[in-house]
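Here are my notes on the model you sent over, as numbered points. Have the structure open while you read.

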Amino acid sequence: MIILLIVGIILAVLFVLSVLIYWFNLDTKLVKMLEKPMNKHYDRIKRDKRL
């Protein structure tokens, strides 16, 4: 019975976290924050073919 309670609490916490991420649009904000360093990295990579 205790295992079901623990699983239920974990699922409830994960649900609340996912709602907060959705509500505050945190996934898009994270991607926007990582965009500049990723562009720097990929701009330095040598290309085999030019576009």
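1. Let's begin with Phe24. With a relative accessible area of 46%, Phe24 falls between the 20% and 50% cut-offs, so it counts as partly exposed. Phe24 sits in the loop between α1 and α2. Do keep in mind that this is a predicted model. As for distances, Phe24 is 11 residues from Glu35 in sequence, and their C-alpha atoms are 19 Å apart.

2. Next comes Asn25, which lies in the loop between α1 (2-23) and α2 (26-44). Asn25 is partly exposed because its relative accessibility is 37%. What I'd look at here is the backbone: just after α1, Asn25 takes a positive phi of about 60°. Asn25 does this although it is not a glycine. For background, most residues other than glycine have a negative phi.

3. What does the side chain of Asn25 contact? Its partner is the side chain of Thr28, in a polar contact of 3.1 Å.

4. Now the helices. The chain has 2 helices and 0 strands. The radius of gyration is 20 Å, well over the 10 Å that the globule rule gives for 51 residues, so the chain is more spread out than a compact globule. Along the principal axes, the C-alpha atoms fill a box of roughly 60 × 25 × 15 Å.

5. For α2, the 19 residues should span 27 Å at 1.5 Å a residue; the end C-alpha atoms are 28 Å apart, so the two values agree.

6. Where is the kink in α2? You'll find it at Glu35, shortly before the proline Pro37, and it is about 40°. Glu35 is partly exposed, because its relative accessibility is 36%.

7. Glu35 comes up again in the salt bridge. A search of the whole structure turns up 1 salt bridge. Lys32 and Glu35 form a salt bridge, with the closest N and O atoms 3.3 Å apart. Both residues lie in helix α2, 3 residues apart, or about one turn of the helix. An α-helix has 3.6 residues a turn, so residues three or four places apart point the same way. Side chains of opposite charge can pair when their charged atoms come close. Lys32 has 59% relative accessibility, so it counts as exposed.

8. Last, the surface. How much of the chain is buried? Buried residues make up 0% of the 51 residues. The chain exposes about 5,700 Å², and carbon and sulfur atoms supply 72% of that area.

How values were computed
Residues numbered from 1 in each chain as written. Predicted model: local features only at pLDDT ≥ 70, side-chain atom pairs only at ≥ 80, totals over all residues. Heavy atoms only, no water. Helix = DSSP H or I, 4+ residues; strand = E, 2+ residues; numbered from the N terminus. Buried < 20%, exposed > 50% of the residue type's maximum accessible area, 1.4 Å probe, protein only. Polar contact = N/O pair within 3.5 Å; in protein donor to acceptor, adjacent residues only side chain to side chain. Expected span 1.5 Å × (residues − 1). Bend = angle between axes of the 7 residues up to and from the residue. Rg over C-alpha atoms; globule rule 2.2 N^0.38 Å. Areas by Shrake-Rupley, 256 points an atom, 1.4 Å probe, with all protein chains shown as cover. Salt bridge = Lys/Arg side-chain N within 4 Å of Asp/Glu carboxyl O.
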